[in-house]
Amino acid sequence: MTRRSLLLSQQEINQGVARLAAEIARDYRGKNPLLIGVLKGSFIFLSDLVRRLDFPLEVEFLQLSSYGSGTQSSGRVRVLGRLGQPVKGREVVVVEDIVDTGITIAFLMDYLHRRHPRSLKLCALLDKPERRQVPVKIDYLGFTVPDRFVVGYGLDYNEQFRHLPEVWALEEE
Ligand code: IMP
């Protein structure tokens with residue numbers, strides 16, 4: 001499963017990230033938001049996003065386990081490690097690479113909600129709505145993608161392809 005086709009070019013991604021940054025700046029300037037990146041998939045997206053935000057903010061990361069390996073979700077989610085600071089009273093924006101079944105992010109939003117942030121929003125680069133199993137509200141969305149397994153720009157297949165600067169769809173062989 002290594003043949004792939006281009007879904008989003010670097011230019012398209014740049015434009016999408018710039019649009020998301022403008023939306024987040026409009027809503028969070030002066031509020032010192034806490035952006036929480038979901039590892040590992042959001043590491044490139046979050047890095048590009050925050051460099052477009054020209055006001056005070058803070059960054060944390062959380063790692064979740066959902067997909068062991070391959071392309072199918074196990075349906076079980078765990079939070080690995082913990083945040084470096086409390087979310088209580090904070091304006092929190094979760095930054096995720098892709099919302100697929102929604103199981104992972106629904107779990108994380110609930111996990112954070114129970115810690116009483118002042119506000120809690122979700123920013124996702126990609127949405128694969130055809131596969132949704134649980135409802136998820138995406139407040140800031142980059143792109144909707146078809147029901148294909150995608151890699152690149154942080155997203156992996158068995159830990160490969162994260163470094164590609166574009167988003168590609170893997171072809172079944
Ligand atoms: P969900 O729980 O099914 O929504 O899956 C969410 C997580 O699975 C994402 O944060 C990704 O890490 C991973 N994932 C889902 N779909 C893809 C894909 O097409 N490519 C790479 N990773 C994916």
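## Ligand contacts

A polar contact is a pair of N or O atoms within 3.5 Å. In this predicted model, an oxygen atom of the ligand lies 2.8 Å from a polar backbone atom of Gly-102, and an oxygen atom of the ligand is found 2.9 Å from a polar backbone atom of Asp-100.

## The shell around the ligand

The elements that give two or more residues to the shell around the ligand are β5 and α3, the latter spanning residues 103–113. The most is given by β5, which supplies four residues. There are 16 residues around the ligand, and those that come nearest are Asp-97, Thr-101, Gly-102, Thr-104 and Val-150. Sorted by class, the shell holds seven nonpolar, three polar and six charged residues.

## Helix α2 and its packing

Helix α2 covers residues 43–50, and its buried residues are Ile-44, Phe-45, Leu-46, Leu-49 and Val-50. These buried residues pack against helix α1 (10–28) and against the strands β2 (34–39), β3 (58–65), β5 (91–99) and β6 (119–127).

Strands of a sheet pair through backbone hydrogen bonds, either parallel or antiparallel. Here an open sheet of three strands runs in the order β1-β9-β8, and its pairing is antiparallel. Because β1 (4–8) and β8 (150–151) stand at the edges with a single partner strand each, one side of each is left without a neighbour in the sheet.

The pairing of β8 with β9 (residues 167–170) is antiparallel and extends over two bridges, and in this pairing Val-151 stands opposite Trp-168 of β9. Val-150, which falls within the residue range of β8, is also one of the residues that come nearest to the ligand.

## Arg-26 on helix α1

Is Arg-26 buried or exposed? This residue lies in helix α1, and Arg-26 counts as exposed because its relative accessibility is 59%, where the cut-off for exposed is over 50%. The side chain of Arg-26 makes a polar contact of 2.8 Å with the side chain of Asp-27. Arg-26 and Ala-124 are 98 residues apart along the chain, and their C-alpha atoms are separated by 17 Å.

Key. Residues are numbered from 1 along each chain as its sequence is written. This is a predicted model: local features need pLDDT of at least 70, side-chain atom pairs count only at pLDDT 80 or more; totals for chains, interfaces and linings use all residues. Side-chain values use heavy atoms; hydrogens and water are left out. Buried means under 20% relative accessible area, exposed over 50%, partly exposed in between (1.4 Å probe, protein chains only). Contact means heavy atoms within 4.5 Å. A residue is near a molecule or strand if one of its heavy atoms lies within 4 Å of it. A polar contact is a pair of N or O atoms within 3.5 Å; within protein, one must be able to donate a hydrogen and the other to accept it, and residues adjacent in sequence count only if both atoms are side-chain atoms. Ala, Val, Leu, Ile, Met, Phe, Trp, Tyr, Cys and Pro count as nonpolar, Asp, Glu, Lys and Arg as charged, and the others, Gly among them, as polar. Two strands pair if DSSP finds at least two bridges between them.
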